[in-house]
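Here is my note on the model you sent over.

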Amino acid sequence: MNDNVSNTHRAVNVFTLTDKEIKKYSLVKIGELFEKNDYILLYNDQYVKISEDNLLLKMKITKENFVYRKK
């Protein structure tokens with residue numbers, strides 16, 4: 001399988017953030033609501049960005065989530 005085919009299935013809201021970039025964000029406290037443009041840690045340096053129509057916006061952050069928000 002070539003790289004072009006494998007990349008077609010990657011979600012558009014998954015981003016890689018470096019250590020330098022993540023320092024621009026602060027960890028959100030447990031119990032707060034998700035907000036548009038929050039980043040959820042997915043795996044290692046892979047983050048999912050919350051869009052304005054995401055169902056998570058109606059939910060609270062739990063201890064299982066590592067959520068970062070612009071400072």
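Is Glu 35 buried, exposed or partly exposed? Glu 35 is partly exposed, at a relative accessible area of 41% (buried is under 20%, exposed over 50%, partly exposed in between, with a 1.4 Å probe and protein chains only).

1. Ground rules. This is a predicted model, where local features need pLDDT of at least 70, side-chain atom pairs count only at pLDDT 80 or more, and totals for chains, interfaces and linings use all residues. Residues are numbered from 1 along each chain as its sequence is written, and side-chain values use heavy atoms, with hydrogens and water left out.

2. Aromatic pairs. The whole structure has 3 of them (rings of Phe, Tyr and Trp, the last by its six-membered ring, with centres within 6.5 Å; planes under 30 degrees apart are stacked, over 60 edge-to-face, the rest tilted). One of them joins Phe 15 and Tyr 39 edge-to-face, at 6.1 Å between centres and 80° between planes. This pair links distant parts of the chain, with Phe 15 in strand 1 (residues 14-16) and Tyr 39 in strand 3 (residues 39-43), 24 residues apart. Strands here are DSSP runs of E, at least two residues, numbered from the N terminus.

3. Tyr 39 is buried at 8%, as is Tyr 25 at 13%, while Phe 15 is partly exposed at 33%.

4. Salt bridges around Arg 69. The structure holds 4 salt bridges (a side-chain nitrogen of Lys or Arg within 4 Å of a carboxyl oxygen of Asp or Glu). Arg 69 and Asp 38 meet at 2.8 Å, N to O. Asp 38 sits in the loop between strand 2 and strand 3 and Arg 69 in strand 5, so this contact ties together parts 31 residues apart in sequence. Asp 38 is buried at 1%, and Arg 69 counts as buried at 15%. Arg 69 also bridges to Glu 35, with closest N and O atoms 3.5 Å apart. Shared partners join Glu 32, Glu 35, Asp 38 and Arg 69 into one network.

5. Another bridge. Glu 52 pairs with Lys 36, their closest N and O atoms being 3.7 Å apart. Glu 52 is exposed at 60%, and Lys 36 partly exposed at 45%.

Key. Helix = DSSP H or I, 4+ residues; strand = E, 2+ residues; numbered from the N terminus.
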